[in-house]
Amino acid sequence: MASLQVTFGDLRKEVQRYMGFGRDTDYDNLPATAKGDVVACIERGLRQFYAPPPMPGESSAHEWSFLRGLGLVATLAPYTTGTVTVSGTAITSGTGFSAPMAGGIITVSGETRRIVTFGSASALTVDRSMTSASGASYEILLGVYDLPLDFGGLRGSIAYRDGDGYMPLRLVNESALQMMRSQETIRKDTPEYAAIVPKDVTADTVDNDGTAEQVFTLSLWPYPDKVYDLVFSYTVAINSITDNPASNADDGNIPAGGMFHSETILASCLSVAEQMVDEFNNPGKMQARYQERLAGSISFDRRQMLPDGFGYNSDNSDRHMNVPSRRRLQTVSYKDTIYP
């Protein structure tokens, strides 16, 4: 069965035609500047669609249901295996260090430092020198965890795995969380507070040229005293569908949104093309079309996410003995929408 979903190839052909390059013109034969313009219109159109402005009369922008993901962060228990040798900022050991330990803290002989670099399974680097030691016991606590690479924002609470019996984490800013850490002794327990912190965009690049994408971390307090599974819903940051803009190799790539939003995505891309090449001849024609399609897509997306009902609310005080209640058959309507 043929799919009605729009593909990158479909978007490319329509944008090519609108910009005067010809719908059936072989993309590989277009000049490099023309290819750049076509790809720019598509990528700008997708960004415009995925992050729309608030609709008229609304105070906030719509959040698409298809951009909702489910995330999991598994904390690490305190690590104390074996002993370490300390020399300045270098920590060496014959035991199994791991990459997630970078960002945690290590305590050796009463001195606590932050781990800044994971070198290998037997080598760590801390932020400040420590007193030299050999064969010393230690403890590593990890209170900062990487969030998914496509994390674009938290939706709702951060909770524990089903059946754990713990209250959801209380979300605070990083400043408040750091204050808690500074005012208390180092505490290991079930985490109660969390902060979403942007990660340094240069942290994962060799030459610190700022080419790394923005990612986020989850900072916890107290430090986890064992392994916990933290679950949460988040907004997914979409990757580009044009990984190879120099050719038509990506024609089969499908943008997020599916068939029901395909026309809106196309209208968004064409509205950007209008701004680039046709703004003075037909000012706002495609933009108006996009706004019309956007309103329809948002309405559809909201209907898809509606619950079956608000639930039955009754204390049964008006129910006569042995007489079945009929209230469950009644409905409530609001703005021409019926809710059971």
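Residues are numbered from 1 along each chain as its sequence is written, and side-chain values use heavy atoms, leaving out hydrogens and water. Because the model is predicted, local features need pLDDT of at least 70 and side-chain atom pairs count only at pLDDT 80 or more, while totals for chains, interfaces and linings use all residues.

View 1. E14 is buried, at 17% relative accessible area (buried is under 20%, exposed over 50%, partly exposed in between, with a 1.4 Å probe and protein chains only). Leaving aside residues up to four places away in sequence, E14 touches R23, L266 and L270 (contact means heavy atoms within 4.5 Å).

**View 2. M259 in its loop.** Look for M259 in the loop between β14 (229-236) and α4 (262-278). With 36% relative accessibility, M259 is partly exposed.

**View 3. Strand β3 and its two neighbours.** Strand β3 (residues 105-108) runs antiparallel to β4 (residues 111-120), joined by four bridges (strands pair if DSSP finds at least two bridges between them). Across from I105 sits R114 of β4. Two residues lie between the strands of this β3 and β4 hairpin, where S109 takes a positive phi near 50°. Strand β3 is also joined by four bridges to β6 (residues 138-141), again antiparallel, and there V108 has Y138 as its bridge partner.
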